[in-house]
Amino acid sequence: MMRVALLSRAVFGLHGYGGMERHVTELARFLARAGVRVTVVTTPPTRDAQWNEPGVECQIITAPRLPLRGIPNRVINYPIWSRRAGHYVARNNFDVVHAQGLSGWGYSNTLARGRSNPPLVINPQGMEEFKTTFAKRTAYAPFQFFARQAAQRAAALIAADSAAAAEIPHFLRVPLGKVVLIPNGIDVDAALSYVSAEATEAVMRRFSLHRMTPLLLSVGRLEPNKGFDFLLDALARIRPSLPSRWMWLLVGEGPERARLEQRIQILKLTPHVQMVGAVNDVTLHNLYEIATLFVHPTLFEGSSLVTLEAMAHRRAIVASAVGGIPDKVIPGRNGYLVAPGDVVELGEKILIAVRDAVHLRDMGAASFQIARAIFDWPRVIDRTLMLYEAVTRKPAARQARVTEGEVGAESEDVNVKT
């Protein structure tokens, strides 16, 4: 049985709810289902939480920690923990070390000294530290140095989307041949399991949606980079062309809430906008299920789990052409892409989508096909095991296999030079 160490500073269930945290926990879960012995190596929980993933071991690594916040915390405390995690991994008998971001730097040091030989695979999980303002890039200089060291010592780097595949060689200064495109996954069956007639009816009553159509849905933290203010401007612009009972539902919390509420009042959109706030999974997935159209006006993005969630629920998508979204949304087939921050184009694409009910339904069906065939976890795990085999030259038992007939799936073999 292949043994894999998954290194991550945070995982869902012990830490936050973010995309990376969910990715690591689900990666561990589905690797275990595929017959891999998985050990998650992570930091102490941020609250009184317990690991609850049957078949997956969890190793909490503690390390000295300076009382810092923000960038200093990441630049100083994160590498200290990574070094401790690397020592733990090097002392144990793993076949592959699979790290998220800088968590693999400590183990890469043991590789550089020839004290360990299981190959290191790194998913950088975004290049934000390299693309921010000059002041922040300067503050992140040590972080960037450590990230490049780890990447250059790794056997392979995983890009979750085509944009990341282009950025990783540039920012981390590694050969293009080291980069393997494996998308972040979604558990399609789990997403659909939250939906029921009773739950849908409860959501309809809770938000008074029975007579509202079309229902536009957006999900995300209320921050400037999510572009929700641009969507408000677009909705105000196309309001005369929309049916009288249209509604935009915005799910999420964050520092921009008060400003967005004020903007809604100024634009006189209060009858047509509901800021839902944070909701549980049952409410969220039933909102996806009843929405007419999913709109994601983000200005920059990583892989975009919310786009995948909407696709799993057969929603057509109107979204910005940034990050991993163009890998998921094929214009005219399952939605439309717009330039980030382009209010006019955003409004036009929303109108085009909602005016053709037949095409809207067909695009929703295509979304589901793409999500199932390319991004469903069994497919992602199959590609991940191919990578493990490539870097170890050792076959991995597969208990979970994808079905035939993928729609638009990448079919190339994983090819990594070690």
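Ile 122 of strand 5 is the bridge partner of Ala 99. The model is predicted, with local features requiring pLDDT of at least 70 and side-chain atom pairs pLDDT 80 or more, while totals for chains, interfaces and linings use all residues. Residues are numbered from 1 along each chain as its sequence is written, and side-chain values use heavy atoms, with hydrogens and water left out. Helices (H or I, at least four residues) and strands (E, at least two) are DSSP runs numbered from the N terminus.

Strand 5 covers residues 120-123. Strand 4 (residues 96-100) pairs with strand 5 in the parallel sense, over 4 bridges; two strands are taken to pair if DSSP finds at least two bridges between them. Together with helix 3 (residues 105-112), strands 4 and 5 form a right-handed β-α-β unit. Right-handed here means that, with the strands pointing away from the viewer, the path from the first strand over the helix to the second runs clockwise. Strand 5 also runs parallel to strand 6 (residues 156-159), to which 2 bridges join it. In that pairing, Ala 156 of strand 6 stands opposite Val 121.

In a regular strand the side chains alternate between the two faces of the sheet. In strand 5, Leu 120 and Ile 122 point one way, and Val 121 and Asn 123 point the other. All of these residues are buried, that is, under 20% relative accessible area, against over 50% for exposed and in between for partly exposed (1.4 Å probe, protein chains only).

Grid points are joined across faces, edges and corners, and a volume is the space filled by probe spheres set on the points. The count is 1 cavity of 30 Å³ or more. The largest cavity holds about 50 Å³, and its lining includes His 98, Asn 123, Ile 158 and Asn 184. Helix 1 (19-33) and helix 16 (377-392) are the elements that give two or more residues to this lining; helix 16 gives the most, with 3 residues. The lining comprises 6 nonpolar, 5 polar and no charged residues, where Ala, Val, Leu, Ile, Met, Phe, Trp, Tyr, Cys and Pro count as nonpolar, Asp, Glu, Lys and Arg as charged, and the others, Gly among them, as polar.

The second largest pocket has a volume of about 500 Å³. Of its 19 lining residues, Arg 9, Thr 43, Thr 46, Arg 65 and Asn 73 lie nearest its centre. Helix 2 (residues 70-91) supplies the largest share of the lining, 5 residues. By class, 8 lining residues are nonpolar, 7 polar and 4 charged.

Ser 303 is buried because its relative accessible area is 14%. Asn 225, in the loop between strand 8 (215-219) and helix 10 (228-238), is likewise buried, at 15%, and is in contact with Thr 298, Leu 299 and Phe 300. Thr 292 lies in the loop between helix 12 (281-290) and strand 11, in contact with Thr 213, Pro 214, Leu 215, Arg 315 and Leu 360.

Methods
1 Å grid on protein atoms, 1.4 Å probe; cavity = no way out; pocket = protein on both sides within 12 Å on 5 of 7 lines; lining within 4 Å. Contact = heavy atoms within 4.5 Å. Lists of a residue's contacts leave out its neighbours within four places in sequence.
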